[in-house]
Each structure stands twice: as structure tokens, then as C-alpha cells.
Amino acid sequence: MTTTAPAGTMTATRPAPSKPASKNQLGKSALTVLTWLIGLLFITPVLYMVLTSFHSEIDAASNPPDIFAPLTLDGYRAFFGGESGANPWPSLINSAWASVGSTILVIVLAIPAAYALSVKPVRKWTDVMFFFLTTKMLPAVAGLMPIYLIAAGIGLLDNIWFLMIIYTAMNLPIAIWMLRSFLADVPPALFEAASIDGANLVQTLRRIIMPIISPGIAATALICFIFAWNELLFAKVLTGVVAQTAPVYLTGFVTSQGLFLAQLCAATTVVCLPVLIAGFAAQDKLVQGLSLGAVK
Amino acid sequence: MSTTTAIAPPPAHVPNQLELTPKQAWIRRIPLLPALVFTIILTQLPFVATLVISFMNWNAYRPDLKGFAGLSNYVKVFTDPDLLRAVWVTILMTVTVVLVSLVLGLCIALLLNRVFLGRGLVRTMMITPFLIVPVAAALLFKHAIYNPIFGLLNGVITWVWGIFGSDNAPQVDWITQFPLGSIEVTLIWQWTPFMTLILLAGLQSRPAEVLEAAAVDGANPWQMFTHMTLPHMRQYLELAGLLGAIYVVQTFDAVYTITSGALGTANLPFTIYQTLFTAQDYGLASAQGVIVVLGSILIATFAVKNVSSLLAKDDGK
């Protein structure tokens, strides 16, 4: 983008190569239009989902789609337990529990760990970092079965607390990598000053580390929340009726027949809403989180 | 900032840190231990258990046969045509989704890395698909987009044909005709934003002075792309591709939702889920799990190398 700036000023001051310049301008506009079209193409399914959730079932099922059909809340009414008697609230609350609870646990475990890996590093701290990284690279599905057998053995199947623990293990490596990358950006002098004052570890973490990297902690928490909220496989295997999470509740729509599209779109919109809010809030740190702190 | 760097400790302080007494070393380890122990218990022990069970006969329907099985579960994995197909589907799905979203992601990142009206808004629109809960995305594509009767795709076809006065628009049963393609398109829709974000960050870390110098030297945009942008982006392309592959290999939601593994779309995660729940064959499910792990280690070895080179670059600053 820095290269386009001089070209723009050149057309203003030097009129000589006017023909290639205007062609250049046209090309730029075309690229802008193309970028917009691609952006619109990618967001269309989401917009269609939200729009359809406010249509009546009859309008939702029309072909070609009637995007100007009158709006109604019937889809949401049907989802929140209309005639079918199904109630999504317990599953939404379970999801909130599992994701918020695991996120808090992750942060509580990850802050001291990140401290021990950057501010006052343990010996061979890089080895520890790569150990955490490799746990993320081994597919969770391979550990699924023993975890299922253990849960069944100790009577913790269909228990939201067990799922919370699993989600904590799932997100802990990501959080440690992210928080370490945030801590590594802090000038060491800040920590030096704190340790001279004779603060102990807990005081240092609470009074110095946490305020300095609070934006990083917030972004890390949001990303862990998103991954926990989205998770389906473990939730489906480990929960049944009582501890069912929102994604598991959604799988009830897999084999739906008849007129249900508005209700489905209302359901998916409701379940996606917390993730969309968390994602847009963490937008600037999203890359750092997704690349485990390798890209800033 | 300038004051903090001024009072930064001299480098002589650093070797001092490495010569710690055993007690000091343990004090340093204490904050790390809870997270480390927690992670080992919950991620390493299950893998060990998986490995052990994979050599066992263990089927919940036949508890009398429980015992050592040798390699028979592995023989089953590599001789059962359905399982071999699952291995193949997993590879095909991962490679297709990662390559297509990587190429699309690079193009979109290049387009977004310009100054234009509404850049922030388009960037936000591009990110949104990644923020849709995967099972919700799969349901949305299955019912609202691919459905042959009222789906958006056929709806748009009817609408376009209607413009030209035709009322017998072709209506495609997308999932039945292109089962794997339907799943892949859904995954590509979700993963392209991921690639775009990482690659855009890579493009923005390009040193601007070098590009300006090249522009002054009269390099054309294509030369600048192949000689400067691509070499710089190689590391980011690898990182995005490997991280994407690690996640896409584990795809379960889309397969379960869109086809339920029918029409030849069952990948390994879905097959393991089925072996576990429909067949209740714990030994076989474990052997399948071990195969997935071995495949992932292959990808992970490259990924670790790549991430560490990015870290090294970071430290070198």
C-alpha cells in the first residue's frame, strides 16, 4: 500500500502520463469493487441466516428466496419452546458454564505458567513451550476414548464439571503461548522494579503482571471462550441429557424435516451470538491468538 | 518507554540468571507446575491409554473377550476397506480445504492490504464466517443453502433463470450429488478467513522501505510479488497451512452434520466416533486414534519447526 501512495501523488503533479494513470485508477477501483464483492460473498450466508430467522416458516421455505418478506419473531418463539415443548435454555446455560468456567480456570493456571516461561524463566523453558505446543497438535479425537471410559468409570458422564476440566486442558496450551507472547513484549525493567520492592509472587502477578497485560489477558480469555463454546465432539460424547451443551442441542436439527428453516436459523443465530460478540471484541488480537502468538 | 529502556538491566545480568541454586530453580518452577501437571494428566495419559487399549480386544458388547490382541486391531484398520477409505477421505479433505483456503486467503489478504473505502468493514465481513459456531455453520449450509427444495443456492438459480423468463430452472440436489464437495465448501468458507488473517498480518510485517526501493528501481507489481512478497510470505504461508491442517484433520462437526458420514464422506474422526458409539469397539477405536496421531505427528514436526523459526526471528529483534 505504501507503493501506491507515490503513484497517486504523481498523477496530481505530473500530467504527462495521463493515460496509464487513469487506467491505473480504473484498475484500482475495479480491485476495490472486487474486494467488496468477495467480502459480501463471504458474509452472505450469515446475513441470510439472520434474515431468515426473522421470517415466517412459509416465507423462509420459498424458492426463489423472498428476502423482502414481512419480519416476525415466530422463529425465535418456536426455538425457545413453542409448540414442541423443547427448551434450549438448559443447554445454553450449560455452554455458558463450561466455557466461562474453563476460561477462568485456564487464565488462573496460565498466568503463573507464562510468568515462569518469560519473566523469570525456568531452565529449558523453550522445551516446555514446545511440549505445550505439541499437545495442541495431537488430535483430541485420539484421547477421546480413554477420557470417555474414565468419565464412565468414575460416574462423571453427563456432568458439566467434567466437560469444564476437558475444555481447560484443551485451551491451556493456547493461553500459555498467547500470554507468554504478551509478557515477552513488556520491558523487563518493569518487573525488575517490582522485585526490588520485595513483592512476593502472588503480589507481583496481581499488582504488576495482570494490570500490564490485561488487554492480552482479555483477548486470550475471549479466544478460549470461543473454542470452548464451539466444541462439539467431546460434548456429544461426554454429555447426554443433563449436561447437554448448545452445540449438542443444535445437532437435534441434523435430520429435521418439513418447515423448520426459520426456527433453525433463529437457533443458530442465538448460539452464534456470544461467539460473534467475543470475536469482534478480540478482533485485533485474533491473529496472535490463532497463530499461538507466533504472528503479531 | 524511553525511560524504561534506559534503566534496563545490563546484559551482564543475564548469565547470572542461569547459575541458579537448586532451590532457586525450584522456586522458579513452582508457578509453572500446576499448569504442567494438569496438562500432562489430561493430555498425555489419555494418549498412553489409547496406545495400550489399541493392542487389546475390548468390545463393550463382548466383555468376555477382553484381553491382549497384539496387532489385530491395526490389521483390521489397514484391511477394512471402509477404514482405508476414511484415511483417504481425511487426507483428501484436509489437502483440498487447506490448499483452496490458503490460495483464496492469500488473494484476499493481498486485496485487503490496500487502502480503499470501507477497508475495516470488509475485513470484519471477511472474519465473520470464522466466528460462526462450526456445527451451526454446517447446519446452515446443509439446510438453508444446499437444500434442493428451499435452499439458497437453488433459490438463486431459480431467480436468475426467472430474470430471463424461464420457469424451469435446473434444481440440484447438492449434498447427494457432491457430498464431499458440499462439506469441503462449508469448511473452506470457515477456514479462508483464518488464512486471510494470518497472511494479512504477514503482508503487513513486510518492510516498507524495501518495497519502496524496489518500486523506485522500476520493478513491476508481478516482479515485486514473486521476488519479494512471496519469499517473505513463505513462512506465513507454511504456518497458516500447517495450523489449518492440524485443525482441519480433526473435522467432526461438518461431517456429522451434513452427511452423517454417508455417501463416502466418513473421515477418521467421524469413524472413530462411530466405532466408539455404534460398534462400541474400544480396541479398534484406539488403533484408529493411534493412526490419526501418527499422521498428525508428521504435520506437527513441520509445524513446530516453522513456529520455532518465527519465534527465533522474534527474539532476534
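Domain bounds here come from an automatic or database domain assignment. By that assignment, chain A is divided into domain 1 (4-79) and domain 2 (89-290), and the C-alpha centres of domain 1 of chain A and domain 2 of chain A lie 34 Å apart. The model is predicted: local features need pLDDT of at least 70, side-chain atom pairs count only at pLDDT 80 or more, and totals for chains, interfaces and linings use all residues. Residues are numbered from 1 along each chain as its sequence is written, while chains are lettered from A and ligands numbered from 1 in the order in which they are written.

**The two domains of chain A**

- The contact between the domains takes 14 residues from domain 1 of chain A and 10 residues from domain 2 of chain A; two residues are in contact if their C-beta atoms, placed from the backbone, lie within 7 Å.
- On the side of domain 1 of chain A that touches domain 2 of chain A, the elements giving two or more residues are α2 (18-53), α3 (57-60) and α4 (74-79) of chain A.
- Helices (H or I, at least four residues) and strands (E, at least two) are DSSP runs, numbered from the N terminus.
- α4(A) gives the most to that side of domain 1, with five residues.
- The residues of that side of domain 1 divide into seven nonpolar, five polar and two charged.
- In this count Ala, Val, Leu, Ile, Met, Phe, Trp, Tyr, Cys and Pro are nonpolar, Asp, Glu, Lys and Arg are charged, and the others, Gly among them, are polar.

**The largest nonpolar core**

- The largest nonpolar core has 175 residues, and those with the most contacts inside it are A:Ala110, A:Leu163, A:Ile176 and B:Ile198.
- Such a core is a set of buried Ala, Val, Leu, Ile, Met, Phe, Trp, Tyr and Cys residues joined through C-beta atoms within 7 Å.
- A residue is buried if 20 or more other C-beta atoms lie within 10 Å of its own, exposed if 12 or fewer, and partly exposed in between, with C-beta atoms placed from the backbone.
- Helix α8 (residues 160-184) of chain A supplies the largest share of this core, 17 residues.
- Domain 1 (4-79) and domain 2 (89-290) of chain A both give residues to this core, so it lies between them.
- Not counting residues up to four places away in sequence, A:Ile176 touches A:Ala110, A:Ala113, A:Ala114, A:Leu117, A:Phe132 and B:Ala35.

**Where the chains meet**

- The contact takes 93 residues from chain B and 91 residues from chain A.
- Helix α16 (residues 282-316) of chain B gives the largest share of the side of chain B that touches chain A, 14 residues.
- The residues of that side of chain B divide into 68 nonpolar, 20 polar and five charged.

**Each chain as a whole**

- Chain A has 15 helices and zero strands, and 47% of its 296 residues count as buried.
- Chain B has 16 helices and two strands.
- Buried residues make up 42% of the 317 residues in chain B.
- Along its principal axes the C-alpha trace of chain B spans about 70 × 70 × 30 Å.

**Details in chain B**

- Of the nine residues of helix α12 (residues 208-216) of chain B, the number buried is zero, so this helix lies largely in the open.
- B:Gly218, with a positive phi near 85°, follows α12(B).
- B:Trp191 lies in helix α11 (residues 179-204) of chain B and is buried, with 24 other C-beta atoms within 10 Å.
- B:Trp191 touches B:Val97, B:Ser101, B:Gly244 and B:Val248, not counting residues up to four places away in sequence.
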